[in-house]
Amino acid sequence: SVREYKGVKTRVVQIEHLLAIMLETGRPKDKERILQLVKTVTFNREKLSQILVRHQLEKKWEAAVENE
C-alpha cells in the first residue's frame, strides 16, 4: 500500500506479505520474527491465508507456528 509520511509518498509492505516473505526466506531469524509478530501484531488471517495458498506456503506456515 502507499502511505504518506511528512509529505513523502512511499510504498509499505503489508504485514501479511511480510510474514509470507519471511516464511519463504526460511532463515532461523525470520522464523523467530514470525513467531514474535504473530503474538504481538494484529493482522488479517484471511488475507494471509490467501497469500500462503497463492504461493504454496501453507505447510511451511503450519510447521513454523505449530507449537505456538
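Lys31 sits in helix α2, where helices (H or I, at least four residues) and strands (E, at least two) are DSSP runs numbered from the N terminus. With a relative accessibility of 38%, Lys31 counts as partly exposed; buried means under 20% relative accessible area, exposed over 50%, and partly exposed in between (1.4 Å probe, protein chains only). Leaving aside residues up to four places away in sequence, Lys31 touches Ala63 and Ala64, contact being heavy atoms within 4.5 Å. Lys31 and Lys60 are 29 residues apart in sequence, and their C-alpha atoms lie 10 Å apart in space.

This is a predicted model, in which local features need pLDDT of at least 70 and side-chain atom pairs count only at pLDDT 80 or more, while totals for chains, interfaces and linings use all residues. Residues are numbered from 1 along each chain as its sequence is written, and side-chain values use heavy atoms, with hydrogens and water left out.

As for the overall layout, the protein has four helices and two strands, running β-β-α-α-α-α from the N terminus on. The C-alpha trace spans about 40 × 25 × 20 Å along its principal axes. Of the 68 residues, 25% count as buried. Among contacts with a separation of 6 or more, 59% come from residues 24 or more positions apart.

The buried residues in α1 are Ile15, Glu16, Leu19, Ala20, Met22 and Leu23. They cover an arc of only 165° around the axis, so they lie on the same side of α1; the arc is that of the directions from the helix axis to the C-beta atoms. These buried residues pack against α2 (28-40), α3 (45-54) and α4. After α1 comes Gly26, with a positive phi near 75°.

Two packed helices are described by the angle between their axes and the distance between the axes. Axes here are lines fitted to C-alpha atoms, for helices over the stretch in contact, and angles run from 0 to 180 degrees between N-to-C directions. Helix α1 (residues 15-25) packs on helix α4 (residues 58-65) at about 85°, with the axes 10 Å apart. The pair is therefore roughly perpendicular, the word used for 65 to 115 degrees (under 35 is roughly parallel, over 145 roughly antiparallel, and the rest oblique). On the α1 side the contact uses Leu19, Leu23 and Glu24, which meet Lys60, Trp61 and Ala64 in α4. By class, that contact of α1 with α4 has four nonpolar, no polar and two charged residues. Ala, Val, Leu, Ile, Met, Phe, Trp, Tyr, Cys and Pro count as nonpolar, Asp, Glu, Lys and Arg as charged, and the others, Gly among them, as polar.

The axes of α1 and α3 come within 9 Å and cross at roughly 35°. This contact brings together Glu16, His17, Leu19, Ala20 and Leu23 of α1 with Lys47, Leu48, Ile51, Leu52 and Arg54 of α3. Sorted by class, the contact of α1 with α3 has six nonpolar, one polar and three charged residues.

Helix α3 has its own buried set, namely Leu48, Ile51 and Leu52. Their arc around the axis is only 100°, which puts them on the same side of α3. What covers these buried residues includes α1 and α4. Turned away from the buried side, the other face of α3 carries the exposed residues Glu46 and Arg54.
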